[in-house]
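Take a look at the sequence and the model below. Then use this briefing to find your way around the fold.

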Amino acid sequence: MLVNRCRDIFKSVVFILFFLCTSFSFGQHKKSNGFYRLIDSADIYVSENPEIAQHFLDSIPEPVISNIEGQLAEYYQLKALVSDGLNEEAKKFHYFMLTLKYAKLEENYAIAGMASLELFYNTYINKNDTTAFKYLKDAKIYYTLDNNTNGLAEVMQMPAYVEFYKTNYKKSNQLIFEHLEDYMYALFMLSNNYTHLHDFKNAHKYLNLLKDLKNDNTISLSLHTSHLITAYNCLAEVHLERKAIDSAFYYLLKVRKTGKLMNNADRENHYTFFIN
């Protein structure tokens, strides 16, 4: 079903949000040997070219536990992000478990929060295991310790995302309106929920508000663009379901104009929609 593909797109967007909430500071290592610089280099390439990022990480010799002491949480987080970019789900889960282990040992609560959110997502959404909510609770604890308002906003939005995944779009909207701390993500979710409810008036209302955030210098431009790409793909999906081919094609073309900024899930779903 096409709705499953739209949910797949959401997976990548949520993953990006988790990543941004960690507030990395790779350029401020207490140690400056070449091994630590390899972590900085991997961070530069992890989003655009995970293969190159992997090369830098693999260049750190064993035992990494002593060669990059104090930065193991960041190291394994990057390993997980590389695995995500290469669509290696089992490895990604393994590396996020290690990320959480070392983030707790190093008291890096920002990364501990991000890893907990990702483990929640992977365990609940991918495996439908309700024990995953322990990770969500842990994420809230770690982000609170880190005074990470962005991370806490993401935690508060996860119940709405769960309802979206279960196709309970009205319930998802209700939960979003209760927690509007992350304004951009709220607009993003509302637009897509209303799209799937075939309420295009409200879908476009919140999509236009989302567009208006483009010049907000407090917001990541790449994340904002990712939200728009997903919203356009969801509109194309629903119009395809309604056999409104011209409307679907209109939104597919809007996505294509931002082709260089599409992640793997966006790109895969985009071409699937074109085929359909």
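This is a predicted model: local features need pLDDT of at least 70, side-chain atom pairs count only at pLDDT 80 or more; totals for chains, interfaces and linings use all residues.

The protein chain has 15 helices and zero strands. It holds 276 residues, and buried residues make up 51% of them.

**The chain as a whole**

- The accessible surface of the protein chain is about 13,300 Å². Carbon and sulfur atoms account for 52% of that surface.

**Helices α5 and α6**

- Helix α5 covers residues 72-85, and helix α6 covers residues 89-105.
- Their axes come within 8 Å and cross at roughly 165°.
- An angle over 145 degrees counts as roughly antiparallel, so α5 and α6 are roughly antiparallel to each other.
- The crossing of α5 past α6 is left-handed.
- On the α5 side, the residues that meet α6 include Leu 72, Tyr 76, Ala 80 and Ser 83.
- On the α6 side, the residues that meet α5 include Lys 92, Tyr 95, Phe 96 and Tyr 102.

**Helices α6 and α7**

- Helix α6 also pairs with α7: the two axes come within 9 Å and cross at roughly 145°.
- This contact involves residues of α6, including Phe 93, Phe 96, Met 97 and Leu 100.
- From α7, the contact residues include Ile 111, Met 114, Ala 115 and Leu 119.
- The α6 and α7 crossing is left-handed.
- Phe 96 of α6 is listed in the contact with α5, and Phe 96 is also listed in the contact with α7.

**Helices α9 and α10**

- The axes of α9 and α10 come within 7 Å. They cross at roughly 170°.
- With an angle of that kind, α9 and α10 are therefore roughly antiparallel to each other.
- Gln 157, Pro 159, Ala 160, Glu 163 and Phe 164 make the contact from α9. Tyr 169, Lys 171, Ser 172, Leu 175 and Ile 176 make it from α10.

- Where does Asn 192 lie? It lies in helix α11, which spans residues 183-196.
- Asn 192 has a relative accessible area of 0%. Buried means under 20%, so Asn 192 is buried.
- A polar atom of the Asn 192 side chain lies 2.7 Å from the backbone oxygen of Phe 188.
- Asn 192 and Leu 235 are 43 residues apart along the chain, yet their C-alpha atoms are separated by 7.7 Å.
- Asn 148 sits in the loop between α8 (133-145) and α9 (149-165).
- Is Asn 148 buried or exposed? Its relative accessibility is 7%, so Asn 148 counts as buried.
- The side chain of Asn 148 reaches the backbone nitrogen of Asn 150 at 3.4 Å.

**Backbone points in the loops**

- Which two residues does a cis peptide bond join? They are Glu 62 and Pro 63, with omega at about -5°.
- Pro 63 is in the loop between α3 (50-58) and α4 (64-67).
- Asn 128 is not a glycine, but its phi is positive, near 55°. Asn 128 belongs to the loop between α7 (109-126) and α8.
- Lys 243 is not a glycine either, and its phi is also positive, at about 65°. Lys 243 belongs to the loop between α13 (221-241) and α14 (245-256).

**Exposed residues**

- Exposed means over 50% relative accessible area. Asn 128, at 59%, therefore counts as exposed.
- Lys 243 has 68% relative accessibility, so Lys 243 counts as exposed.
- Lys 201 is in helix α12, residues 200-211. At 73% relative accessibility, Lys 201 counts as exposed.
- Lys 201 is ten residues from Ser 191 along the chain. The C-alpha atoms of the two are separated by 9.7 Å.

Terms used: Residues are numbered from 1 along each chain as its sequence is written. Side-chain values use heavy atoms; hydrogens and water are left out. Helices (H or I, at least four residues) and strands (E, at least two) are DSSP runs, numbered from the N terminus. Buried means under 20% relative accessible area, exposed over 50%, partly exposed in between (1.4 Å probe, protein chains only). A polar contact is a pair of N or O atoms within 3.5 Å; within protein, one must be able to donate a hydrogen and the other to accept it, and residues adjacent in sequence count only if both atoms are side-chain atoms. Accessible areas come from the Shrake-Rupley method with a 1.4 Å probe; for residues, only the protein chains shown count as cover. Axes are lines fitted to C-alpha atoms, for helices over the stretch in contact, and angles run from 0 to 180 degrees between N-to-C directions. Angles under 35 degrees count as roughly parallel, over 145 as roughly antiparallel, 65 to 115 as roughly perpendicular and the rest as oblique. A crossing is left-handed if the near helix is turned anticlockwise from the far one by less than a right angle, and right-handed if clockwise. Contact means heavy atoms within 4.5 Å.
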